[in-house]
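Here is a short report on the packing in one protein model. Read it with the structure open.

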Amino acid sequence: MTIIDPNINILLPSSLILKRGHDAGMTLSEVAHLQSVISEKQARHDYLIPVNAVPFAFFPAKDGGAVAVLGNDKVKVAKSAFRQLSQYLEISGLGKILEQTAELDSTANWRGQEARAFEAANLMLRMWSQRVSKTLRWRVSSRRGESLPVLDGVVTEGYAPLSHVEALSLAVDHFGGDRNVIDYTLTTEKMRVRIADEPIKLGTPIKMIEMWNSETGHASLSFWGKLWKLICSNGIAATLEDYGRSRHNHVGSMTQRVNDHLPEQLAGIRRGMGEGFDLYEQSVNTRIDFAPDAKIEDNTPGPVETFITEVNAKRKTRVPDRVLTNVFERGLRDETSSPYGTLAGAVDGITRVAQEESLSLQHDMEKFSNAVLLDGIRRSVENRVLVSA
C-alpha cells in the first residue's frame, strides 16, 4: 500500500530559536549583543556554486533525511531552502512533487528492478538539476540539535547577505541602544524585533517600530510603524494596525541605503502612527450593528462577525477560515479585548488571536486588523457601522 506519513520530516522544518517578550526588560543594545552571541554559534557561511554541481539526495527520515554536498561539506537540508531551490528547476510545482514522492512509503518494480520512492525522487531531481547551470548562493549554518550543518537558504548570487547583527546595529544607530524592546523573536528563517518608540503605558496604545530581517531570503530588511498596547499586568499584549514602512531589499549596499533614506521615512511613519492612535481611539466609541432592514435568522452570525467576514471577503489575501473561527469564538470575547460590539473590539479580537500564530501569519492578521479598522471608520455614521445580515 502507498502511504504518506504526515509526521515524516525528510526536510528540516523551520524552528524557533529564541523569543523574548517585553517582560524580559531588554534594551535594543542588549538584544544586539545577544544576537551577536547566537550568530557566532551559528557560524553561517556561503557557497557560490552552480546548481548542476551540487549533489543532492533524499533519504528516509530515519536515515537522516535529505542531504547535499557543498564543496567538501555534507549538509542537511531545510524545507524552506529546498523550496527556494525548486524555483530554478524549470517546471512550476516540481519541487513539491519530488518532496511528496520522497516521503512515500512505497516501492515500484520496473523491468525486474525494485526502486524505493525516495530513490525515484532522487533520479528525477538529478535529471532536472543537471540542466541548471546558474550559480546560486547556498547559505549554511549550524543548528542546535543537528550533527551536520544545515542548508537553510538558497538565494541568487547577487543577494546581499545583511546579517541580523548588522541589521540590529543599524537599529541601534537610528533608534538608540537604550530603547525598550517589546519583542525579540528569532527563527531559522527570520528575525522580528519590536522597539518601543515611546514609554510603555498600561492600557494605552504606544508607538512601536517593528523591524524584520532575514539572512536566508525570506524577508526584506524592513521597519514598520505600528501601535502596541499592554493590556494587563500579566503581559498579554495586542499589536494594532501598521502605518507605513521603510523596506530595503537585499541588494547592493544596504547599510548606505538605509542610512540615506530611513531618517526621512521614519518622520512619515511617526506621523502616521499619531494619526493611527486617533483612529483607534475613535473606534473605541464606534459600534457595529445590523442595519434596520437586515434579515436576521436564528443561525445568522452576530453583526461583528458579519462585518469582519465582509472585510475579509474583499481582500486579495484572505485570512484562513480556521483563524476567523478562532477570532469569532475566542478573540472577540477575550477579557483583553475591547467590548464586543465595538469596532475596537473587532480589531482587538483579531490581534489577540494573531499572537498565537506564526510570524508570517501574525503579520498578515495585523494588516487585516488595519483593514477592519479603516473600513469601519469609513463606513461609520454617527459612530455606528451598519451591516446587512
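Contact here means heavy atoms within 4.5 Å. The model is predicted, so to speak of its local features pLDDT must be at least 70, side-chain atom pairs count only at pLDDT 80 or more, and totals for chains, interfaces and linings use all residues. Residues are numbered from 1 along each chain as its sequence is written, and side-chain values use heavy atoms, with hydrogens and water left out.

**Arg116**

Beyond its neighbours within four places in sequence, Arg116 is in contact with Pro60, Ser106 and Thr107. Arg116 lies in strand S7, residues 113-116. Helices (H or I, at least four residues) and strands (E, at least two) are DSSP runs, numbered from the N terminus. Arg116 has 36% relative accessibility, so it counts as partly exposed. Buried means under 20% relative accessible area, exposed over 50%, and partly exposed in between (1.4 Å probe, protein chains only). Ala102 is 14 residues from Arg116 in sequence and 8.6 Å away in space, C-alpha to C-alpha.

**The core**

A nonpolar core is a set of buried Ala, Val, Leu, Ile, Met, Phe, Trp, Tyr and Cys residues joined through side-chain atoms within 4.5 Å. The largest one has 33 residues. Phe56, Phe58, Leu70, Phe82, Trp138 and Leu151 have the most contacts inside it. Several elements each supply at least two residues of this core, among them strand S2 (45-50), helix H3 (94-102) and strand S9 (150-156). Helix H4 gives the most, with four residues. Leu151 is in contact with Leu70, Val75 and Trp138, among others, leaving aside its neighbours within four places in sequence.

**Aromatic rings**

Rings of Phe, Tyr and Trp (its six-membered ring) pair if their centres lie within 6.5 Å; planes under 30 degrees apart count as stacked, over 60 as edge-to-face and the rest as tilted. The structure holds five such pairs. Two of them are set out here.

| Pair | Centre to centre | Angle between planes | Type |
|---|---|---|---|
| Phe58 and Phe82 | 5.4 Å | 75° | edge-to-face |
| Phe59 and Phe118 | 6.2 Å | 45° | tilted |

Phe58 sits in the loop between strand S3 (56-57) and S4, and Phe82 in helix H2, 24 residues apart. Both Phe58 and Phe82 are buried. Phe59 is also in the loop between S3 and S4, while Phe118 is in helix H4, 59 residues apart. Phe59 is partly exposed at 33% relative accessibility, but Phe118 is buried at 11%. Ring pairs also link Phe56, Phe58 and Phe82 into a cluster.
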